[in-house]
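Let's walk through the charged pairs of this model and then take a look at its surface. Here it is.

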Amino acid sequence: MRAVIVAIFVAFLISLFVTPVAIKVFTRLKAGQPIRAEGPVMHQGKKGTPTMGGVVFIVATVLAYVAGHLALTTLPEAQIAQVTPTITALVLLGLMVFSGAVGFLDDFLKVRKRNSAGLNKRGKLLGQILVGAVFGVIALYFPSTADVTVGSTALSFIRDINALEVGKVASVVIFIFVVMATTNGVNLTDGLDGLATGASVMVLAAYALIAFWQYRHWCADTDYARGGAYCYEVRDPLEIALIAGAAAGACVGFLWWNTSPARIFMGDTGALGLGGLIAGMAMATRTLLLLLILGGLFVIITMSVVIQIISFRTTGKRVFRMSPLQHHFELAGWSEVNIVVRFWIIAGIGVAIALGLFYSEFLTAVT
């Protein structure tokens with residue numbers, strides 16, 4: 001628990017105090033956010049706000065992970081052996097860093113071209129597929145000494161569903177789809193000041209709680225599992241909790257500067273980085289299908305875009321004034337702050353339901 005707390009506070013402090021430095025640097029480099037001409041008129045005032053702020057909380061998360069491990073050096077040797085840097089950390093941090101790199105390329109091209117086009121859709125899609133494939137293979141094909149992989153060959157909800165065994169190749173393909181869905185979901189949500197950042201804090205904090213609970217009821221803990229105690233068959237849950245907590249803390253520090261009126265945007269760098277990490281969390285904790293509820297706000301906003309596209313292409317009519325959904329409410333006259341807070345409430349409800357399902361499954365099994 002000490003390592004997780006240290007990682008959270010280190011990430012928070014780094015993000016809180018480095019973000020204003022990043023604001024000055026990106027402003028000096030003229031790395032301002034281009035605004036779409038066809039977007040809401042009220043967004044034109046945000047033109048030139050520094051973007052690519054996701055670099056700060058991605059770096060803060062990685063540094064906090066290192067700090068968390070330094071806090072473990074005082075533990076007994078037997079416990080340290082369980083939490084030394086692992087492939088689990090490589091997969092989770094790799095997904096965050098390299099998904100963020102795809103987003104960074106997109107942001108860089110937007111800034112350089114001085115328009116909102118950035119990386120073309122095909123290039124961004126190929127980048128997401130490549131990142132998902134590389135780390136999906138690592139997660140499925142590199143078992144620990146106990147023969148446990150980061151990912152599973154079965155679909156999962158609160159744990160693996162053995163009846164839905166799909167094999168390694170199909171699991172990698174499914175994970176690529178999850179990476180694409182989460183990165184784009186967070187990216188679509190990142191349309192108002194602080195909206196995606198606050199929602200991501202809730203999801204990541206929930207994964208920190210889930211992973212730490214799994215650590216306390218871990219099948220690899222022979223003292224706990226002895227006698228057939230109900231346990232979770234996951235790999236390195238303390239690592240997962242540490243990284244989830246660090247990312248949540250980093251996002252809270254960033255939110256201080258990203259909330260309305262935002263002084264910096266996370267950009268595609270941050271949105272894709274967070275999406276990649278959240279996808280990895282769902283895979284590592286064996287809660288892939290639970291992510292649909294846990295990240296309910298991302299799902300709702302993504303579906304608003306899908307519905308809008310299908311409706312317009314089939315009937316020529318729009319269901320919403322504008323998609324993603326948050327812009328529909330902007331054009332309906334809601335203030336930006338009202339939309340953000342109400343959408344945060346929706347995100348919180350999804351997280352609360354998902355955590356309730358997770359813990360109720362454990363209570364049902366042990367009673």
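There are 7 salt bridges in this predicted model, a salt bridge being a side-chain nitrogen of Lys or Arg within 4 Å of a carboxyl oxygen of Asp or Glu. As it's a predicted model, local features need pLDDT of at least 70 and side-chain atom pairs count only at pLDDT 80 or more, while totals for chains, interfaces and linings use all residues. Residues are numbered from 1 along each chain as its sequence is written, and side-chain values use heavy atoms, with hydrogens and water left out.

Start with Asp268 and Lys124, whose side chains meet at 2.9 Å, N to O. Asp268 sits in helix α10 (residues 267-284) and Lys124 in helix α5 (residues 121-141), so this pair ties together parts 144 residues apart in sequence. Helices here are DSSP runs (H or I, at least four residues), and strands are too (E, at least two), numbered from the N terminus.

Next, Arg159 pairs with Glu361, with the closest N and O atoms 3.0 Å apart. Arg159 is in the loop between β1 (154-156) and β2 (160-165), and Glu361 is in helix α14, 202 residues apart.

Then there's Asp160 with Arg286, also a salt bridge, at 3.0 Å, N to O. Asp160 belongs to strand β2, and Arg286 to the loop between α10 and α11 (291-294). Asp160 is partly exposed at 24% relative accessibility, whereas Arg286 is buried at 5%.

Conventions: Buried < 20%, exposed > 50% of the residue type's maximum accessible area, 1.4 Å probe, protein only.
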